[in-house]
Amino acid sequence: MKKSSIILIAIIAVAIAMILVIYTDSSTYSTFSEAKEKKTELYVVGQLNKDKALHYDPKTDANKFSFFMRDNDGTECEVIFRGAKPQDIERSEQIVLTGKMDGNVFRASKILMKCPSKYNDKSVVTEINATAFNN
Amino acid sequence: MDVNYVGEHLLPGQIGQFFIVLSFGAALLSFISYFFATKYPEENSWKKIARIAFWTNAVSVVAIGATLFYIIYNHLFEYNYAWAHSSKTLPTYYIISSFWEGQEGSFWLWMFWQTVLGSVLLFKAKSWESSVMTFVMLCQAFLASMIIGVEIFGLRIGSSPFILLREAMDIPIFREANYLSLITDGNGLNPLLQNYWMVIHPPTLFLGFASMIVPFAYATGALWTKRYKEWINAALPWALFAVMILGAGIIMGSFWAYEALNFGGFWAWDPVENASIIPWFTLIAAVHVMIAYKNSGHSYFTATFLAMISFVLVIYASYLTRSGVLGETSVHSFTDLGMSGQLILFNVVFLVIMVVFLTVKKKEMPITEKDEDIYSREFWMFIGALVLTVACAQIIASTSIPVFNKIFGTKVAPPLDPIQHYNKWQSGFAVIVMILTGFTQFLKYKRTDSRKFLASTVASLVVSLILTAAVVYFTKTYTNLIYILITFASIFCILANIRVLGDAVKGKWKLAGSSVAHIGFGLLLIGAMVAAATNEVISVNNTGYIAVSGFDKVEKPGDNLFLTEGEPVQMGEYKITYIGDSIVAPNTFYKIKYERIDEETGKVKEHFVLQPFAQNNAKMGGLIGTPATKHYVTHDVYTLITAAAAESQATHAKVPAEDKTGFEDYEEPATYQVNIGDTLRYRNGYYVIEGLNKEAHLEKIPKGPSDVMVGLKIKVFSADNKQYEVQPIYLIKDGGVYDFNKDVNEQGLKFRFTGIKPDKDKLEIMVYQKPLPEKKWVVFKAIKFPYINFFWCGTIVMTIGFIMSIVRRNKEEKRKALK
């Protein structure tokens, strides 16, 4: 057998192992109740509760934005995001949060929003990071 | 019932649509004719038809573009595309970028470049023309079908850029014959795309994508016509060109991300970014294996496979970005226009072509039975290409999670922190690739003297170690092992290539191109690493004051800093002040002054004003910020507005002057009974009632014999020692009582002289004060990117290296052709 063939096989093996490992890095979309149990960083998908007020007062704290979100099970939870308020969140039809539970509030490190464009049914996705978590 | 619509320009759309159908038909005809021309090379008529069809297609593509541009440029908002992507306020150069904001426009761009490349091939490809053009025209037909927008058997194929707004939407206003008069302006271009990089980045990127069909077509054509060995020479300049252009396009995208996007950096492993880098990696690998084959005869299959898969991956990338499949994970993918089925077919057809040719012709491929020597360049080039391919597989696997979810119905979420996830894998691969690129320079094709090789390698390694230590010390990256390793590997690669370049100066110019490209890539990698490793958010509140207690115990104060107009804040080494804003519609520019002050002398060592801007675009979702950057040789300071007082934005909409009563700007008035000589206070100072003026007169109102007209002399002293005199007037005319107020605008004061009370011996005045203007404020974020110039510098050097290589390979091919 040629050397290159041996190395080729070895590298393919590495690639397969790598792809398997990648999926340990990936996670699943979960709900607030799961987040409460797990206490780890995860994704929660849901909708903004538009009946409750959104709080962002940059004069007192430019890095705190809070709102209420209902997850796909209908559980409602207060979300606190360390960062400026994403501009279009009122119009969002779906929100994907990254973060973890802290007591009764969910602390988001990232907000990914899907908003309907005003004039047609196209959706626009926006992603906002709270960089405080990344450092 | 049909409505006779008023004012529509239907002709351009009909012309455009005609040319779309023509371009599709011509591409198909050209494909079929080239197919038979390759099969029956002795019959010249096939080739003739194919060429005529090609030129018909070329003319149609140009005509489509011209028509679409005419529609957008003239703001014909009866067309959906013009309405959705442009507006009257856009300057011409952004009208150009609105041209490819939509998918239809970007498909056109791809077709256009393919036409340009096709015409070059028609003149240059000579004996390869028929077989190569078969695949180019097949691809061209697929692209035309994406914008054809016709319904066949109830199935809509493609999405035409020429559909009318009233066809695109079903809302009541389209039942009105003169609906056009109601549509005053278009939707406009997304503010993020209103950047000069967006004028040139998409065309470059699409030229890169389009040019990847050429190596594919050569490789496939070679297998088809059994000209196994020849294609590599002919395709090599094309492959280098594609790699160069695509690389430049990707980096331009990262310039755009850095300068216009607000995600705080130049690379974020966004799925759309990944989609463009995947084929780049495989084609880079392909180029190396092609060169290795050329010089040694080894790895024919790998070279062919990589050249082919690169184009299949281009189509896959466009499926990823255009089908809406990334909807939940990407910020900037296109949305589904209902052509994902078509895109899958496009992808599958080219994948099948690849698989069929590779399996059917496997046995006939030129394969050397000889084993490669460990001390040979081709062996390690092959290994390097494999490592690149595996790196690429990692990116594909992680980016494709949403695709797998769609196929298998699973609900796997992508990694929580994509940047970290990709960096973790890719930095490992980068170290291996750079070390390979380094020591391979000391090897010769086929066989190298191992003693010589080891000596020069070890020498370079030692020098690299010393240099790495210095770089790590100066950039302060000593805490991160993987960054140190990458820096080391890149420096080693640069040094090794500088040695080759040194030989080039002595006369071996042949190898200069590749070494320049390698040096450029090394610089780029060091720049990216250092900037990524050491960029820091500097807009951290230094006062340590945290407004919300409790919650912040475990948190750092955030990255956004609040600034009130005129009130300086210390931020790291800078004192920063928000000194005001200016409006250049539709943008508001916020002036942020940075000052560096010497702590001992108190002197300003350095100052500059950054003007990040934001667009309050209701249609696109509120305030969208565009950063401003101060460039230094060693680092950049990047500033982005994340929120701003609504007031400074609202100045766009001024209340028309005639609607004003003159009092709405003031607070509730205060009424005072005063005597001459009284002193009263107001918010910003005091005023003295100085006396009555019985000689007062008013223009336009003549004083009658029985009328009373008295002025009250008031002197205002402001806190900053300014004096103003003002004289409100009291008038009794024909039995009626009037008063004429007077303002001190500078102080926001308005006085009325409303009465004379002889019984009390008092005068009555009313004083209006303007509320203190609310101070303007902004919330912003500032990031420092050290040594980012390595990144940009590396890009330029790399591109120069590619150009040198293309010139060299082209000459070689010509020399061969002459023999």
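## A buried aromatic pair

Let's start with Phe785(B): at 1% relative accessibility, this residue counts as buried. Keep in mind throughout that this is a predicted model. Tyr638(B) also comes out at 1% relative accessibility, so it counts as buried too. The two rings have their centres 5.7 Å apart and their planes at 80°, and since an angle over 60 degrees is the edge-to-face case, that is how this pair is classed.

Where do Tyr638(B) and Phe785(B) lie? Tyr638(B) belongs to strand 13 (residues 635–644) of chain B, and Phe785(B) to strand 24 (residues 777–786) of chain B, so the pair ties together parts that are 147 residues apart in sequence.

Tyr787(B) has 22% relative accessibility and counts as partly exposed. Phe790(B), at 35%, is partly exposed too. Over all chains, the count comes to 59 aromatic pairs.

The charged end of Lys630(B) sits over the ring of Tyr632(B), 5.5 Å from the ring centre. Arg322(B), for its part, lies over the face of Phe107(B), at 3.8 Å from the centre of that ring.

## Helix 12 against helix 13

Helix 12 (residues 300–322) and helix 13 (residues 340–360) of chain B pack at an angle of about 175°, with their axes 9 Å apart. That angle makes the two helices of chain B roughly antiparallel, because the cut-off for that class is over 145 degrees.

Phe740(B) lies in strand 20 (residues 736–740) of chain B. Its 25% relative accessibility puts Phe740(B) in the partly exposed class. Leaving aside neighbours within four places in sequence, Phe740(B) is in contact with Leu698(B), Ile701(B), Pro728(B), Ile729(B) and Leu731(B).

His697(B) has its place in the loop between strand 16 (685–693) and strand 17 (708–718) of chain B. Is His697(B) buried or exposed? At 63% relative accessibility, His697(B) counts as exposed. Not counting residues up to four places away in sequence, His697(B) touches Met709(B) and Ile729(B); Ile729(B) is also one of the contacts of Phe740(B). From His697(B) to Ile200(B), 497 residues apart along the chain, the C-alpha atoms are separated by 67 Å.

## A buried arginine in a loop

Last stop: Arg227(B), in the loop between helix 9 (213–225) and helix 10 (231–259) of chain B. Which class does its 19% relative accessibility give? Arg227(B) counts as buried, because the cut-off is under 20%. Setting aside residues up to four places away in sequence, Arg227(B) touches Ser127(B), Trp128(B) and Ala222(B).

Conventions:
Residues are numbered from 1 along each chain as its sequence is written. Chains are lettered from A and ligands numbered from 1 in the order in which they are written. This is a predicted model: local features need pLDDT of at least 70, side-chain atom pairs count only at pLDDT 80 or more; totals for chains, interfaces and linings use all residues. Side-chain values use heavy atoms; hydrogens and water are left out. Axes are lines fitted to C-alpha atoms, for helices over the stretch in contact, and angles run from 0 to 180 degrees between N-to-C directions. Helices (H or I, at least four residues) and strands (E, at least two) are DSSP runs, numbered from the N terminus. Angles under 35 degrees count as roughly parallel, over 145 as roughly antiparallel, 65 to 115 as roughly perpendicular and the rest as oblique. Rings of Phe, Tyr and Trp (its six-membered ring) pair if their centres lie within 6.5 Å; planes under 30 degrees apart count as stacked, over 60 as edge-to-face and the rest as tilted. Buried means under 20% relative accessible area, exposed over 50%, partly exposed in between (1.4 Å probe, protein chains only). A charge sits over a ring if NZ of Lys or CZ of Arg is within 6 Å of the ring centre and within 35 degrees of the ring normal. Contact means heavy atoms within 4.5 Å.
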